[in-house]
Amino acid sequence: MHRAKAMTIAGTLGFAIVSVIVILGGAVSLDGFVYRTVAPLSGPLFVYVTELGSVKVLIALAFVGMLYWLWRGDKLEAFRLPLVVIGTLVVTQLLKRVYGIDRPLIDAALDATTYSFPSGHASGSLALYGLLAFSLYRRKYSPVWVAVLVALLVAVSFSRVILNVHYFSDVMGGWLVAFTVIAGSEWIIGRKNR
């Protein structure tokens, strides 16, 4: 429990630090470097990859995951998954409104119409694919499934930068939001199990 509490605090502080850097314009160089590095990958493939981080897909897969955990007899993990995913998406949307940072490119076809920071695709992907990877790893499932989920998380998150609808700092912010929510859920579960 102490580790989960420390990670929740660390995630919150990490997000606060990244948000200050973004507001002060300190992420511009890194954002530009990452975009120039990944931009050559742009193409139709990442238009499809990015859809795996859309709200509809994330919520649908979270409920599929819930059914899987219920089938496995793990009620705690079953209800935790959709709560973490939906909670992360809600917190991300609230933070977007608070910061009000414009995107590099507005594109309704790519679910890119709201504010930029933090990235909802990045936060939602870590909340879903990252939490699933963590849960499977902890239960000693095949490392192949864990690797596939981590690859999905990275691919969806970076697709937003590749398609130029988010800055890399938005992705980092999104990851920190989801990390904090996941760590917070671990902390809550630890307190209830004491």
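## Basis of the description

Helices (H or I, at least four residues) and strands (E, at least two) are taken here as DSSP runs, numbered from the N terminus. This is a predicted model, in which local features need pLDDT of at least 70 and side-chain atom pairs count only at pLDDT 80 or more, while totals for chains, interfaces and linings use all residues. Residues are numbered from 1 along each chain as its sequence is written, and side-chain values use heavy atoms, with hydrogens and water left out.

## Salt bridges

The structure holds six salt bridges, each being a side-chain nitrogen of Lys or Arg within 4 Å of a carboxyl oxygen of Asp or Glu. Within helix H5, Glu-77 and Arg-80 are three residues apart, about one turn of the helix, and they form a salt bridge whose closest N and O atoms are 3.4 Å apart. Glu-77 is buried at 3% relative accessibility, and Arg-80 is buried at 5%, where buried means under 20% relative accessible area, exposed over 50%, and partly exposed in between (1.4 Å probe, protein chains only).

Arg-80 also meets Glu-186 in a salt bridge (2.9 Å, N to O); because Arg-80 lies in helix H5 and Glu-186 in helix H8, this pair ties together parts that are 106 residues apart in sequence. Glu-186 forms a further salt bridge with Arg-138, with the closest N and O atoms 3.0 Å apart, and this contact links helix H6 to helix H8 across 48 residues of sequence. Arg-138 is partly exposed, with a relative accessible area of 35%. Through shared partners, salt bridges join Asp-74, Glu-77, Arg-80, Arg-138, Arg-139 and Glu-186 into one network.

## Pockets

A pocket is defined on a 1 Å grid over the protein atoms alone, as an open set of points where a 1.4 Å probe fits, with protein on both sides within 12 Å along at least five of seven lines; lining residues have an atom within 4 Å of a point. The largest pocket holds about 460 Å³ of space, a volume being the space filled by probe spheres set on the points, which are joined across faces, edges and corners. Its lining has 21 residues, of which Met-7, Phe-134, Arg-138, Ile-182 and Glu-186 lie nearest the centre of the pocket. Helix H8 gives the most to this lining, with six residues.

The second largest pocket has a volume of about 300 Å³. Among its 13 lining residues, Tyr-68, Leu-132, Leu-136, Trp-145 and Leu-149 lie nearest its centre, and helices H4 (55-71), H6 and H7 (143-162) each give two or more residues to the lining.
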